[in-house]
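Please keep the sequence and the model in view while reading.

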Amino acid sequence: MRKHSALIALLAAVSLVLSACQGDKTKAAKPELPNPNPYPSTYQLPATEPTLIQNATVLDGLGKQWDKADVLLQNGKIQQIATDISPPAGAQLIDAQGQWLTPGFIDVHSHLGLYPAPETANHADGNEMTSPVTAEVWAEHSVWPGDPQFEKVLAGGVTTLQVLPGSGNLIGGRGVTLKNIPAITVQAMKFPDAPYSLKMACGENPKAVYGEKGVAPSTRMGNMAGFRAAWIQAKAYQKSWQDYVADTVAGEEVDAPERNLQMETLAAVLDGQIRIHNHCYRADEMAQMIDMSKEFGYSIAAFHHGVEAYKVAPLLAQENICAVVWADWWGFKQEAYDMVPENLALLEHAQACAIIHSDDPIQAQRLNQEIAKAMAAGNRMGMNISRAQAIRWVTSNAAISLGLEDQVGAIAAGKNADLVLWDGDPFSVYSHSNKVWIDGKLRYDRNNPAVAPTSDFNLGMLQGQENLP
Amino acid sequence: MRLKSVLSCLLCLWINNAAAESYLIKNARLYTAAGTDSSADVLLVDGRIKTIGNNINVDEKITTIAANGAVLTPALFNSYTHLGVSEIDAIASTVDTYSQNSQLTAALKIADAFNPSSVMIPHNRSNGLHYALVVPESAAGLFAGQATLVKLASQAYVVDDSVAVVVQLGEQGQALAGGSRAAAMALLRQALDEAQHYASNQAAANKGQRWQYSNSYADLAALQAVVKGRKPLLVKVSRAADIQQVLVLAKQYQLNIILAGAQEGWKVAEAIAAAKVPVIMDPIENLPLAYETLAARLDNAQLLQQAGVTLLFTGMSWHNTHNAYLVRQSAGNAVANGLTKASAMAAITANPAAVFGLNKQGDIKEGYAADLVLWNGDPLEVMSYPRMVFVDGKPVSQHSRQQQLRDRYYSRAQRAKP
């Protein structure tokens, strides 16, 4: 709903002005605004039987561990979590004795479908590196739903993915939030009414990509100049539409400004409709980006790949910006040199919104192991981080960064029934997901491959069970 | 009197030094290639494991470490890294893993570029990794050069500057050979034929006779030991069909080979085992990232092991250098997918030690090097970390750049708390 809220507010304002003006003007026109959702989700909530998961150890994603609890799923939602729920008539019962239940995992930094497997040039559609500002491109127009990696990541418990364009550009384009379900079209995977995101990138990547071409930016100051020029243009574009709406409502016959896709996305950021997900490794650059957001009046949802986020953890907490990081990646470039395995723990310590991400299809299959390493590193340092706390790094905190915390990331009444049942402690390297539900529908069952048919790609290439994770 | 006191003082110094070199680890759970649940005391003297037994009693001057049932393993070995030859991957001046110079392919010794002062070394050593194969990459020809074996001792060093000659086949080999796997195989045979010819005409070569070879004399000299079967040819290959071709070629030329990659190895596991060819692999690779790895799967390690193949692990994915110690996470994932814990430990300790000729290392046995790690839990578990790390019989500092950064910011955060 959020995505439309600004438009609805605008239309409401229009109608108010219209009624106020009715006495003066004989004919008041309605401004013609671009459709904000021309590629709408076609995802259909599947019909499901009620399911009662009994006697599970539950990490609810909100900071609590239930040692023995029942969770009832009905009509795609979590109906109830309690220590003892009587099964409703016709409910499917799942005996989860000795098993662990967590919310479905959310990977807020995925390139699945944009860089599918096999990784060939024919398939690589993630980085429109032809101009430093490509706010006009939308990741969903590149996502190949047939990427055989989606099913592997589902087996790792990932139910929601934010697919982002690459980081070669200053402003790389719109990201899209998907439900990890098998589909022929990306529209069928789109999370209904999820806010759009915009990918921005600080640091080495844009300056290297364009510096090598001999064009701006070739420096970090060039990066900043490039961002600021884009926002100045976006401000003007935003105003041109605001003026058009006001003039039209005032009864003047004015033409709508010419649409500019790049500016349309940036103006929607300024309007608060699109959330900024900003690739930014270095602490000092995060502080620059925060100042820039204030200069132009927008907010930043999250810094991604924040290898140095721990250095500015209190600032991120104060600014209410999530830090999206790996457990231990480092050394592949200069800006990834100051890694500490305690990054997530130090962010947690500062009460910042800490999130794990994959950026990689191998990592995405085992985000549970990644948060386990990060939790252990913090506890080794002397903190006392529980599993119930650490699971938030891949569930509810991730949902907050996407603006979807009302729907996913927690096991609580009213949330979407996205759940993972693990055959043991989800923080153990030896554990597997046994079952994965999305909106109450079983989408993966380790013991029943028929639940999740393999991708078209694998047909005829792999035999029998060769496609198993 | 004076002489006597000097002597006794010298003696006491000697005893103190001896004591400083000796440690008794009491009641540890030994977790090795042989098994994971025997308990014992382990006495370390002068860098070696002197005695393993129950209730070993020692002089009070010997430092005793109460393990209280904690796990003790041999130090870890990662069999495919760029440790010490690629400091920051995106900064070319710090990367020595490959060369574009086509005159030197097999002749390149990556050991010549090894930097023992790399900040990667304390990070990995303090996380329990003490041995690594450092492998060059191919860029100007099929041959990448000669792999080296390094030890991450208190001062890291090259143990053996040429443990194998590395050759790239598969998709990348195809590209290097001009666009066909068939060309890559033909070039490989040509190089081996020339190396054999050069070897059998060494006397004439020494007198200055020269032939029209396609490969440089330096490269052919480097291939001598390979064609004589004295040094392994480490072949990077993924697809099942490509592995089979390599096995045929190895038999034909009587080569001693090691496979690296082998993502589809499980499909030809019996043939690999029959040829007694060890495999360097990352058990975590399960994606069809290339057309040569369509059948990659998580139980590759278990299926190869079942067929009798000697496994040597690398990991974790492409973090096998800066985080080479994460080879244990890959090993843990192999166990999660069917491999036994002992076999997984073998693949990161005893197996590579044996394959790469480390004498009396990579295991917990009397007389073996005291390169050991005492853990706070199951060493293959991601939540575990080393409590103490012994290199050559002595505990080593846990200091690393990462720890200094962490401590700086954690102490600031604590001071800031009300």
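A:Cys353 is buried, at a relative accessible area of 15%; buried means under 20% relative accessible area, exposed over 50%, and partly exposed in between, with a 1.4 Å probe and protein chains only. This is a predicted model, in which local features need pLDDT of at least 70 and side-chain atom pairs count only at pLDDT 80 or more, while totals for chains, interfaces and linings use all residues. Residues are numbered from 1 along each chain as its sequence is written, chains are lettered from A and ligands numbered from 1 in the order in which they are written, and side-chain values use heavy atoms, with hydrogens and water left out.

The partner of A:Cys353 is A:Cys322, joined to it by a disulfide with an S to S distance of 2.2 Å; a disulfide is a pair of cysteine sulfur atoms within 2.5 Å. A:Cys322 belongs to strand S12 (residues 322–325) of chain A, and A:Cys353 to the loop between helix H8 (343–349) and strand S13 (354–356) of chain A, so the bond ties together parts that are 31 residues apart in sequence. Helices (H or I, at least four residues) and strands (E, at least two) are DSSP runs, numbered from the N terminus. Because the torsion about the S-S bond of A:Cys322 and A:Cys353 is about 85°, this disulfide is right-handed. A:Cys322 is buried as well, at 2% relative accessibility.

How many disulfides does a search of the whole structure find over all chains? The search finds two. A disulfide also joins A:Cys202 to A:Cys280, with 2.3 Å from S to S. This pair links distant parts of the chain, 78 residues apart: A:Cys202 is in the loop between strand S9 (197–201) and helix H3 (204–212) of chain A, and A:Cys280 in the loop between strand S10 (275–279) and helix H6 (283–296) of chain A. The link of A:Cys202 and A:Cys280 is left-handed, with -90° about the S-S bond. A:Cys202 is buried at a relative accessible area of 2%, and A:Cys280 is buried at 0%. With the bonded cysteines of chain A numbered in sequence order, the pairing reads 1-2, 3-4.

Confidence comes last. The mean pLDDT of chain A is 94, and 93% of its residues reach 70 or more; pLDDT is the predictor's confidence in each residue, from 0 to 100. Over residues 1–26 of chain A, pLDDT stays under 50. Where pLDDT is low, the predicted coordinates should not be read in detail.

Conventions: Contact means heavy atoms within 4.5 Å.
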